[in-house]
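Here's a friendly walk through one protein model, one topic at a time. Have a look at the structure first, then read on.

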Amino acid sequence: MTESEAKLAREAIEGDAASLAQLFLLNYDSLHRHIELRISDELQGLLRADDVLQQVFVKAAHAIGSFEYRHPGAFRGWLKAIADNLVRDAEKRRRRERREIPRPDRSDAGALHHILADQTSPSGRVAHGERVASMKAAMIALPADQQDI
């Protein structure tokens, strides 16, 4: 990292959303390429690098207070580690899904439950809402010319 990136990292750790957003922008392209290379053939079509990248930024925004800047490149390495963990988790989920053979419930009650079942828990919906709000706040803190995606 350059001196200005080190400064941005310190400011982001202290809670400056604009500095964090700038760090995300500085690392966007290389992190996107890194994620594309990590997605296995088995996950192609099921997992997009853009989606993983968004999850990386949300997780990083929530955990920035625990990040310790130790050396140049530490922030990029931290983001890559988060991305690697997300891809690895997706691969584990995919293997687990392939092992589980669901037995269809042919009753009317089973069909109704399947149609009406909400797949997201209340705490999951709240956590998602918080992540979205955090990302929106970071985006709003950017200069107007950098807010377009």
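Asp-50 is partly exposed, because its relative accessible area is 35%. On this scale, buried means under 20% relative accessible area, exposed means over 50%, and partly exposed is in between (1.4 Å probe, protein chains only).

What does Asp-50 pair up with? Its partner is Arg-48: the two form a salt bridge, with their closest N and O atoms 3.1 Å apart. A salt bridge here is a side-chain nitrogen of Lys or Arg within 4 Å of a carboxyl oxygen of Asp or Glu. Arg-48 has 48% relative accessibility, so Arg-48 counts as partly exposed too.

## A word on the model

This is a predicted model, so local features need pLDDT of at least 70 and side-chain atom pairs count only at pLDDT 80 or more, while totals for chains, interfaces and linings use all residues. Residues are numbered from 1 along each chain as its sequence is written, and side-chain values use heavy atoms, leaving out hydrogens and water.

How many salt bridges turn up in the whole structure? The search finds four. One of them joins the side chains of Asp-84 and Arg-38, at 3.5 Å from N to O. This pair ties together distant parts of the chain, as Asp-84 is in helix H4 and Arg-38 in helix H2, 46 residues apart. Asp-84 is partly exposed at 22% relative accessibility, and Arg-38 is partly exposed at 40%.

Arg-70 and Glu-68 also meet through their side chains, in a salt bridge of 2.7 Å, N to O. With a relative accessible area of 62%, Arg-70 is exposed, whereas Glu-68 is partly exposed at 49%.

## Helices and cover

The chain has six helices and zero strands, which reads along the sequence as α-α-α-α-α-α. Helices (H or I, at least four residues) and strands (E, at least two) are DSSP runs, numbered from the N terminus. Of the chain's 149 residues, 28% count as buried.

## Aromatic rings

Rings of Phe, Tyr and Trp (its six-membered ring) pair if their centres lie within 6.5 Å; planes under 30 degrees apart count as stacked, over 60 as edge-to-face and the rest as tilted. That rule gives six aromatic pairs. Take Phe-24 and Phe-57: their ring centres are 4.2 Å apart and their planes sit at 20°, so this pair is stacked. The two come from distant parts of the chain, with Phe-24 in helix H2 (residues 17–38) and Phe-57 in helix H3 (residues 49–63), 33 residues apart.

Where is Gln-146? Gln-146 lies in the segment after helix H6 (122–140), and is partly exposed, with a relative accessible area of 28%. Gln-146 and Gln-22 are 124 residues apart in sequence, yet their C-alpha atoms are 9.2 Å apart in space.
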